[in-house]
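This report covers the salt bridges of one structure. Have the coordinates at hand.

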Number of protein chains: 2
Amino acid sequence: MDTATLHPMAAARRKLLEAALSVIRSKGFEATTVDELCAVAGVAKGSFFHHFKTKQALGVAAAEYWSELTGAFFAAAPYHRHDDPLDRVLGYIDFRKAILTGKVPEFTCLVGTMVQEVYETCPEIRAACDASISAHAAKLEADIAEAMERHAVHAGFTAEGLALHTQAVLQGAFILAKAKGDAGVAAASVDHLRRYITLLFQPPKERNPS
Amino acid sequence: MDTATLHPMAAARRKLLEAALSVIRSKGFEATTVDELCAVAGVAKGSFFHHFKTKQALGVAAAEYWSELTGAFFAAAPYHRHDDPLDRVLGYIDFRKAILTGKVPEFTCLVGTMVQEVYETCPEIRAACDASISAHAAKLEADIAEAMERHAVHAGFTAEGLALHTQAVLQGAFILAKAKGDAGVAAASVDHLRRYITLLFQPPKERNPS
DNA sequence: GACATTATACCGACCAGTCGGTATACATCT
DNA sequence: AGATGTATACCGACTGGTCGGTATAATGTC
């Protein structure tokens, strides 16, 4: 995906946003300095404050940029091809597991990291992070709702609630991965999530009583 | 529980640690200043650096203090009384859900918040947070292992993995609660976790095929 | 030449950490 | 008992450096 073609944008602005994604995911929002973002982006400080009124404004813009990027990334993923909506949901989970590669800051979530720090101190960033997570969950929610319809599952939960739960598991898996410095523990949690959804949608009559 | 009697400790030191718990859970580690901790603790700055060599050292001490406090808190919880280990596990989950009350910073996890920020920049704090999470999970792991034995469940996962998964769900639930400013979404995720464990340990033959 | 963008120099606030010093408790020696 | 030494606890002014943000000049670009 060529990120430059998503929206026309001044070069310095996009370079600053790209820098923000990588630096903030590594060090968090507060520990990230404007000077470092400029250095990584190869841009002077004046450009930063030309494009973003404050550091907080950059935080909001970074969350929105993250939403755009991940939206396009998941929209292009192969799991949407399945006919059965349940296969699309499980395909999403498998896809999330498959991209747990490389170093920890490379597969963790920008908005999950940011919202932990600023949820009480900066309502604008908090709202932008919430919007990003909720928009992502909403796409999955559609498939879950369809799968619940198709497989006649209605027991005690909503499509929205289950979609948000998947995000909770992923965000929590990232925290464990950060604590242990290892992606394996995150993958194991995603496995549990997959098993849960499989059990939820498994028709009781066909359960193997071995 | 009288925290003062857990370990003898200079008054200023304990007041600083208590201040650290509440301030860091609200604003994160980086945004918390030594001056603010001193102000909240009602202690002079000199005392801070008498008890903690650096701010990072306070972070490590806060994680260890958190481990002590939560360890005692959960050890005293009522769910341990159940005879069936599975009831203890489900009792733990119910207890976790029951304490999701009050404002968000009051029920979220100090070490989960801290490790997100510093996992790359401060290995000492990262390790202390990992130790806190892992020790907590280990207590639950014992009950899970016993429940797996008792209920003859061995399918595709380990007691350790499931114990860590519960922590992932809880940590992720906290992130969603922070993003939405609402404890309800966290409780909903804990409900899903409970349902998952129930399904895992439900004997296939007795499943209700309604 | 008008306008958006980028670069450089700079400022005031703030922050982690230092330093000199006081207070208290408890030994040990005379 | 009183004097002396010593370790811990606590205090608050100070400092060197960093950070977010500003002012202004220089560039492109139509």
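Predicted model: local features only at pLDDT ≥ 70, side-chain atom pairs only at ≥ 80, totals over all residues.

Residues are numbered from 1 along each chain as its sequence is written, chains are lettered from A and ligands numbered from 1 in the order in which they are written, and side-chain values use heavy atoms, without hydrogens and water.

The whole structure holds 16 salt bridges over all chains. A salt bridge is a side-chain nitrogen of Lys or Arg within 4 Å of a carboxyl oxygen of Asp or Glu.

| Pair | N to O distance |
|---|---|
| Asp94(A) and Arg194(A) | 2.7 Å |
| Lys97(B) and Asp191(B) | 2.9 Å |
| Asp130(B) and Arg126(B) | 3.9 Å |

Asp94(A) sits in helix H5 (residues 85-98) of chain A, and Arg194(A) in helix H10 (residues 184-201) of chain A, 100 residues apart. Helices are DSSP runs of H or I, at least four residues, numbered from the N terminus. Asp94(A) is partly exposed at 34% relative accessible area. Arg194(A) is partly exposed at 29%. Buried means under 20%, exposed over 50%, partly exposed in between (1.4 Å probe, protein chains only).

In chain B, Lys97(B) pairs with Asp191(B). Lys97(B) is partly exposed at 33%, and Asp191(B) is partly exposed at 31%.

Asp130(B) and Arg126(B) share helix H8 (residues 123-150) of chain B, 4 residues apart, about one turn. Asp130(B) is buried at 15% relative accessibility.

Back in chain A, salt bridges link Arg88(A), Asp143(A) and Glu146(A) in a network.

Notes:
Helix = DSSP H or I, 4+ residues; strand = E, 2+ residues; numbered from the N terminus.
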